[in-house]
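This report describes the fold, the surface and selected side-chain interactions of one protein chain. Please consult the sequence and the model shown here while reading.

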Amino acid sequence: MYATRNFKFTIKNTCMIGLEYNFKTANSLTGILDAAPYTIIPKQGTISPGCDENFIVKYSPVEVESDFSRILSANIRNLNPQSEPLIIELNGTAERPVIHFELPLSTYRERKSKDLAHVDEKLKIIEFESLGTNIRNTNRFMAVNPTSQGYEFEWEEIIDESKKKKPLFKCATPKGLILSGKKTEMIFEYVPDTVGEHDSRWVFKIPSENITQEFLIVGRVIEPNVLFEFGKLKFGPLLLGGKQKETMRIINQEHIPFSYNFSSASVKGSPDFGDSLKVSPMSGTIPAFGDLEVEIVFNPKYELTYNYNLICNVKRKARPLVLNVKGEGYQIHHSVMADMPPSKVNSTDAFNLNFGEFFINEA
């Protein structure tokens with residue numbers, strides 16, 4: 001029960017026109033239409049001339065019955081009456097499990113097979129996907145008791161002694177009771193502290209039935225797609241006391257909002273820079289699928305070259321965003337030169353100019 005088996009077959013169209021078809025499933029004894037636990041994909045359509053089409057019959061029993069025999073017939077339009085009907089006899093058996101887990105489909109085995117890694121087929125897999133680190137992710141699923149009596153259950157983590165690390169997974173329903181014909185919710189939590197993929201092994205036990213089922217719980221951290229509009233900003237030379245303003249956007253490409261804050265130390269920069277750079281707002285929240293404008297003002301206090309690496313911490317992101325800001329402060333310098341060869345004139349000292357000899361009225 002609750003499992004699915006597939007059977008595949010092919011129909012080939014050898015004629016010169018399209019073959020229109022539709023399938024019907026009937027009880028083998030009464031002839032009454034009754035698909036029961038069988039489904040066929042596709043159920044109807046057209047096969048082009050000279051082509052063939054693949055069909056899949058799925059057997060998914062949800063209850064134990066004494067007779068699952070059915071007749072699957074293909075009703076084909078304009079088929080020669082003398083042709084044999086396309087009929088397949090269907091049959092199967094079902095066993096009532098002691099426990100059934102309503103788990104979502106997992107692609108973990110397929111992903112690992114591409115990396116040439118084998119995952120035991122007996123393991124049931126629970127997957128987590130965390131949008132960032134240091135947040136609590138919850139995975140809920142139902143466990144069904146299809147038997148005629150209730151029983152107690154318990155979860156136990158298989159500790160790997162060779163990997164002594166902080167536990168990232170927790171079972172919020174370590175013990176409980178499932179009544180006959182009822183469902184009970186199972187809850188697992190995943191709180192990652194580093195980027196990457198994590199896993200843990202657990203065992204589900206029904207002591208009264210002496211039944212165990214191993215689980216592999218896998219968690220994967222995805223960095224939130226929050227970024228700066230650009231990574232570098234260059235103000236260029238600016239007179240001391242002057243101001244220049246630039247605007248930059250922080251872009252959030254995720255479906256949930258994210259808060260941020262700039263590091264005050266990174267905005268201050270070197271102790272020699274003084275209070276020459278301002279960022280506004282220093283903190284805030286970027287809306288989902290939106291952006292937020294940040295104003296950066298450069299007001300050089302000293303005559304030197306400025307180089308800042310602004311650090312913006314985004315909640316849930318393991319690594320901060322970094323914006324490089326460059327600028328240069330300068331001031332105007334002047335001097336008075338006199339005589340030949342020129343010599344510098346100081347405002348505090350008298351300077352004698354020697355014009356030499358020349359005639360009256362001579363310029």
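## Overall fold

The protein chain contains two helices and 27 strands, where helices (H or I, at least four residues) and strands (E, at least two) are DSSP runs numbered from the N terminus. Its radius of gyration is 39 Å, well over the 21 Å that the globule rule gives for 363 residues, so the chain is more spread out than a compact globule. The radius is taken over C-alpha atoms, and the globule rule is 2.2 Å times the number of residues to the power 0.38. Along the principal axes, the C-alpha atoms of the protein chain fill a box of roughly 145 × 65 × 35 Å.

This is a predicted model, in which local features need pLDDT of at least 70 and side-chain atom pairs count only at pLDDT 80 or more, while totals for chains, interfaces and linings use all residues. Residues are numbered from 1 along each chain as its sequence is written, and side-chain values use heavy atoms, with hydrogens and water left out.

## Burial, contacts and surface

Of the 363 residues in the protein chain, 34% are buried; buried means under 20% relative accessible area, exposed over 50%, and partly exposed in between (1.4 Å probe, protein chains only). Among contacts (heavy atoms within 4.5 Å) between residues at least 6 apart in sequence, 68% join residues at least 24 apart.

The accessible surface of the protein chain comes to about 23300 Å², and carbon and sulfur atoms account for 51% of it. Accessible areas come from the Shrake-Rupley method with a 1.4 Å probe; for residues, only the protein chains shown count as cover.

Ile332 is located in the loop between strand E25 (321-330) and strand E26 (336-338), and it counts as exposed because its relative accessibility is 67%.

## Salt bridges

The structure holds 18 salt bridges, each defined as a side-chain nitrogen of Lys or Arg within 4 Å of a carboxyl oxygen of Asp or Glu. One of them pairs Arg77 with Glu20, with the closest N and O atoms 3.3 Å apart. This pair links distant parts of the chain, 57 residues apart: Arg77 is in the loop between strand E6 (70-76) and strand E7 (86-90), and Glu20 is in strand E2. Arg77 is exposed at 55% relative accessible area, whereas Glu20 is partly exposed at 37%.

Arg220 and Glu129 form another salt bridge, their closest N and O atoms being 2.7 Å apart. Here Arg220 in strand E16 (residues 211-222) is joined to Glu129 in strand E9 (residues 124-131), 91 residues apart. Glu185 and Arg140 also meet in a salt bridge (3.2 Å, N to O). Glu185 lies in strand E14 (residues 183-190) and Arg140 in strand E10 (residues 137-144), so this pair ties together parts that are 45 residues apart in sequence.

## The surroundings of Asn27

Asn27 belongs to strand E2 (residues 19-27) and is buried, with a relative accessible area of 17%. A polar atom of the Asn27 side chain lies 2.8 Å from the backbone nitrogen of Leu29. Leaving aside neighbours within four places in sequence, Asn27 is in contact with Ile32, Asp34 and Arg70.

Conventions: A polar contact is a pair of N or O atoms within 3.5 Å; within protein, one must be able to donate a hydrogen and the other to accept it, and residues adjacent in sequence count only if both atoms are side-chain atoms.
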